[in-house]
Amino acid sequence: MSKPSIPQGTRDFSPAEVRKRQYIFNTLRPIFELYGFQPLETPSMENLITLTGKYGEEGDRLIFKILNNGLHEKKEEDKTKFRLEIDKVLSKSYSSPAVTERALRYDLTIPFARYVVMHQNELAFPFRRYQMQPVWRADRPQKGRYREFWQCDADVVGSTSLINEAELLCIYQSAFVQLQVPVVIKVNSRKLLAALSEICSMPDKMMDITIAMDKLDKIGWVGVANELKERGIADEGIWQIEKVINVTGNNDEKLAAYSDIMQHSTSGIEGINELSKTLAYYQELMGGNGPTASNIVVDISLARGLNYYTGVIVEVVCNHPDVKMGSIGGGGRYDDLTGLFGLKGLSGVGVSFGVDRIYDVIEELGMFPKQLAEGTQVMIVNFGGENETYALNILQRFRADGIAAEVYPDAAKFDKQMKYANKRGIAYVVLPGDEERQKAMVSLKNFTTGEQKLLSVAECIGSIKASN
RNA sequence: GAGGUUGUAGCUCAGUUGGUUAGAGCAUCAGAUUGUGGUUCUGAGGGUCGAGGGUUCGAGCCCCUUUAGCCUCCCCA
């Protein structure tokens, strides 16, 4: 028999890991609730047609498609059709409803848009929801990249106010402060990127320009310039882009310089106004707290892959020197996402937390709280016979008092039971033997100190509770 | 889709220019010790050396093919 394994890019989460992951979820959830977001869950699978064409060409390739079931039940003519279609699928990148009609969700935003359109009559707009569920991508796994990973999204749909953008920045800020992860929150606007392509007199090259610009961190300006050239941007355009990239200073200074350079571009001016207004709202929401805004940085080289963003875009990266990790969160404004499903004129904005990467970062920083690794607090040793009955009675009283307790289920050898408790990291062991039972008492052993006391059950419960 | 790298015990890994019956640590089980764990000591079990083929008197090691994981590019969280 071959060794068992799990699919590439997926992981098991052992008890300690689940606790750490829950710590992240349990940090985020109250923040979302505090900001008035409501919980939502959608199915793991969507109809393929819901997902295709929403994430760009590359995104379509990465959607996990589900093979239709019940193929063996089909009529002969359907089988023939299926064989023809599957030949096409095998010969090139192609999909067909005869072969696959459903797919695993690729992100949480598109299913959310689909949900909003389907339930538009029940919802009170602006509708704010948060969602914490796994998503799947058929990507090549590598460090910090999985095929199954969790996202936590917060979106507002049905409002164009920039207060929403500012609130989402507050959520990011608040979450990473609580998780003790040092971050830089980069903000930009698709409108500035559009303006940039206008300045180059190549408005149709916006995608090429943004893809190249996004690599500035990695390959530097010379590399970006080369890539721009390869992508067919004229020297005059590249010179203009360089001028923009070379702008330095704080956010206000950068935006002032951009408005100078982009004064003839309507979308440029719009984008700059939106960013400065968003930052002003943010300041107000943070109680005018200057220093907290310092890690929000206007960065014109920020691109973001998803092609439905239209306005402000945002990305979070950990800026601790020891941590090498891509973005751990991102989001932006999408003006007409629900339009794809037939509901026009509804604007949305949202952010996403990449839980798995955040986990890796916190682990690397050693910032998970120590006391997370707790489960059972007390184990009761099983001495068998009448003592077993006595043990069950004590067990029941512990639980009634809210103490997480378990009894060793077999009357196994004493040291085996002790070794088990030790390996589990259980804080206390209770010994109800003949002597204790006859006195209606128990011996309570503190497994950290090794100290042992003879107590009544009530005293024992009190002692354990006092230590919490 | 392109490139790099690694597959040897449950886990982490040694294994010499090719040479007898493939090793260690950890883990597991048993005993020292039937009411005292985390320390120690003794012993035991556990392997088609990723798979298939080739060279050779002889292959864990050399050659070819294949497969899986990890890492990088592309793209992304």
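Hi everyone, let's start with one residue: S197 has a relative accessibility of 1%, so S197 counts as buried. Buried here means under 20% relative accessible area, exposed means over 50%, and partly exposed is what lies in between, using a 1.4 Å probe and protein chains only. S197 belongs to helix α7, residues 190-199. Helices are DSSP runs of H or I with at least four residues, strands are runs of E with at least two, and both are numbered from the N terminus. And what does S197 touch, if we skip residues up to four places away in sequence? The partners are M202, P203, M206 and I209, where contact means heavy atoms within 4.5 Å.

A quick word on the ground rules. This is a predicted model, in which local features need pLDDT of at least 70 and side-chain atom pairs count only at pLDDT 80 or more, while totals for chains, interfaces and linings use all residues. Residues are numbered from 1 along each chain as its sequence is written, chains are lettered from A and ligands numbered from 1 in the order in which they are written, and side-chain values use heavy atoms, with hydrogens and water left out.

Now let's zoom out. Chain A splits into domain 1 (15-42 + 106-365) and domain 2 (374-467), with bounds that come from an automatic or database domain assignment. Over C-alpha atoms, the centres of domain 1 and domain 2 are 52 Å apart.

Next, helix packing. Two packed helices are described by the angle between their axes and the distance between the axes. Take helix α6, residues 162-178, and helix α12, residues 266-285: their axes come within 8 Å and cross at roughly 55°. The axes are lines fitted to C-alpha atoms, for helices over the stretch in contact, and angles run from 0 to 180 degrees between N-to-C directions. So α6 and α12 are oblique to each other; angles under 35 degrees count as roughly parallel, over 145 as roughly antiparallel, 65 to 115 as roughly perpendicular, and the rest as oblique. Which residues of α6 and α12 make the contact? On α6 they are L162, I163, E165, A166, E167, L169, C170 and Q173, and on α12 they are E274, K277, T278, Y281, Y282 and L285. By class, that contact has 8 nonpolar, 2 polar and 4 charged residues. Nonpolar covers Ala, Val, Leu, Ile, Met, Phe, Trp, Tyr, Cys and Pro, charged covers Asp, Glu, Lys and Arg, and the others, Gly among them, are polar.

Helix α6 also packs with helix α1, residues 15-34, at an angle of about 145° and with the axes 10 Å apart. Here Y23, T27, L28, I31 and F32 of α1 meet I171, S174, A175 and Q178 of α6. This contact of α1 with α6 has 6 nonpolar, 3 polar and no charged residues.

Q180 is not a glycine, yet has a positive phi of about 60°.

You'll find A440 in the loop between α16 (434-439) and β15 (441-446).

One more backbone feature: F125 and P126 are joined by a cis peptide bond, with omega about 0°. P126 sits in the loop between α5 (109-118) and β5 (127-136).

Last stop, A103, in strand β4, residues 102-104. A103 counts as buried, at 0% relative accessibility. I49 is 54 residues away along the chain, but the C-alpha atoms of A103 and I49 are separated by 8.8 Å.
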